[in-house]
Amino acid sequence: MPRGQVFVIPERCKGCRFCIEFCPEDVLTESEGMNAKGYHYAVVAEGKEDACVDCRFCRLVCPEFAIYTEEVQ
Amino acid sequence: MSRETAVKSHPLDPLLRADRLPHIWCPGCGLGSIMACLSSAIAASSIPAEKHVIVSGIGCTGRVAGYMKLDSFHTTHGRAIPFATGLKLANPELEVTVVSGDGDLFAIGGNHFIHAARRNIDINVVCVNNFNYGMTGGQAGPTTPVGARTSTTPQGATEPTFNLPLLAATLGAVFVARWTSLHVRQLEKAMSRVMEKDGFSFIEVLSPCPVGFGKSNDIGDGLDEMSMYRRNGVVSHDADLTEAGIDMKHDSPIVLGNFRDVERPALGVRQ
């Protein structure tokens with residue numbers, strides 16, 4: 001099973017939660033802090049640090065081009 | 001492994017006018033997801049980016065042309081297909097994709113659609129259907145489901161609607177599909193398929209418009225409409241398209257799939 005690293009661009013997020021709700025591995029959650037526009041952006045949930053499988057679903061479903069993953073060896 | 005890493009740019013940024021991000025689309029709108037699928041399909045395409053052209057009409061979806069860092073046309077209302085036809089016939093080397101909304105393509109632009117499909121011009125048409133005129137304040141259009149409340153049908157729409165995949169297939173489109181802004185993998189694959197296909201290809205993509213349509217129809221925000229697509233979406237590539245109309249009721253199935261993929265002599269094909 002591939003393993004992925006999550007990258008986020010906090011300032012682009014508008015808090016739609018698409019990535020959080022539809023991540024097949026439930027890797028993501030809302031940030032505690034907010035970005036400059038007042039949105040809680042997506043972050044990796046506690047205990048899910050090794051759960052991303054680099055399926056790229058978040059990269060495609062994010063309307064804001066604010067999240068993507070890369071495979072790690 | 002670590003938690004998330006905060007960065008400043010995205011791998012698809014080279015295909016976007018990233019200096020214009022964040023875009024104007026509302027939180028919960030599906031247009032950005034569809035543009036991500038389109039960008040991914042273009043990035044993976046064997047046709048170089050400088051040969052891809054995006055043409056759009058007017059409306060929220062019309063903004064796609066302005067956000068893509070490709071040769072792109074933001075045309076007059078309803079006229080995306082005529083502009084695309086001219087581009088393709090003058091320069092068959094180009095891979096021309098029209099991205100526009102349901103109102104632009106099927107109300108004011110309806111006649112252009114039927115004749116482009118009849119002639120089988122080698123362009124791709126992606127219609128983002130959000131069931132209303134979102135940019136101008138949520139008015140009813142030719143895809144507004146019967147019973148749906150909009151700012152011009154506060155008691156519920158009464159007119160019959162277009163069934164877009166049936167319409168496109170009847171007119172002779174060589175590729176006909178319907179997906180949603182949630183079905184991003186299937187949508188990306190369908191977009192890749194139409195880029196390698198000769199002839200008039202049509203993809204309808206359902207997308208939430210939480211401000212213009214969702215809130216007045218008890219659907220809620222964009223996430224709720226996306227969940228509805230997951231709950232009610234039925235993938236059936238062999239579906240009887242006469243039964244594929246959409247009423248957007250909470251318990252009605254939404255038929256999805258790549259319904260048609262055939263060959264027919266096309267106009268404007270690169271030699």
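Predicted model: local features only at pLDDT ≥ 70, side-chain atom pairs only at ≥ 80, totals over all residues.
**View 1. Strands 2 and 3 of chain B.** Strand 2 (residues 52-56) of chain B runs parallel to strand 3 of chain B, and 4 bridges join them; the bridge partner of S56(B) in strand 3 of chain B is H74(B).

**View 2. Strand 5 of chain B and the strands it pairs with.** Strand 5 of chain B pairs in the parallel sense with strand 4 of chain B over 5 bridges, V126(B) being the bridge partner of V99(B), and also in the parallel sense with strand 7 of chain B, over 6 bridges, where E204(B) is the bridge partner of C127(B). Because 6 of the 6 residues of strand 5 of chain B are buried, this strand is largely enclosed by the rest of the structure (buried: under 20% relative accessible area, 1.4 Å probe, protein chains only). N124(B), V126(B) and V128(B) are buried on one side, and V125(B), C127(B) and N129(B) on the other.

**Numbering and criteria.** Residues are numbered from 1 along each chain as its sequence is written, and chains are lettered from A and ligands numbered from 1 in the order in which they are written. Local features need pLDDT of at least 70 and side-chain atom pairs count only at pLDDT 80 or more, whereas totals for chains, interfaces and linings use all residues, and side-chain values use heavy atoms, with hydrogens and water left out.

Definitions and conventions
Pairing = 2+ DSSP bridges. Helix = DSSP H or I, 4+ residues; strand = E, 2+ residues; numbered from the N terminus. Buried < 20%, exposed > 50% of the residue type's maximum accessible area, 1.4 Å probe, protein only.
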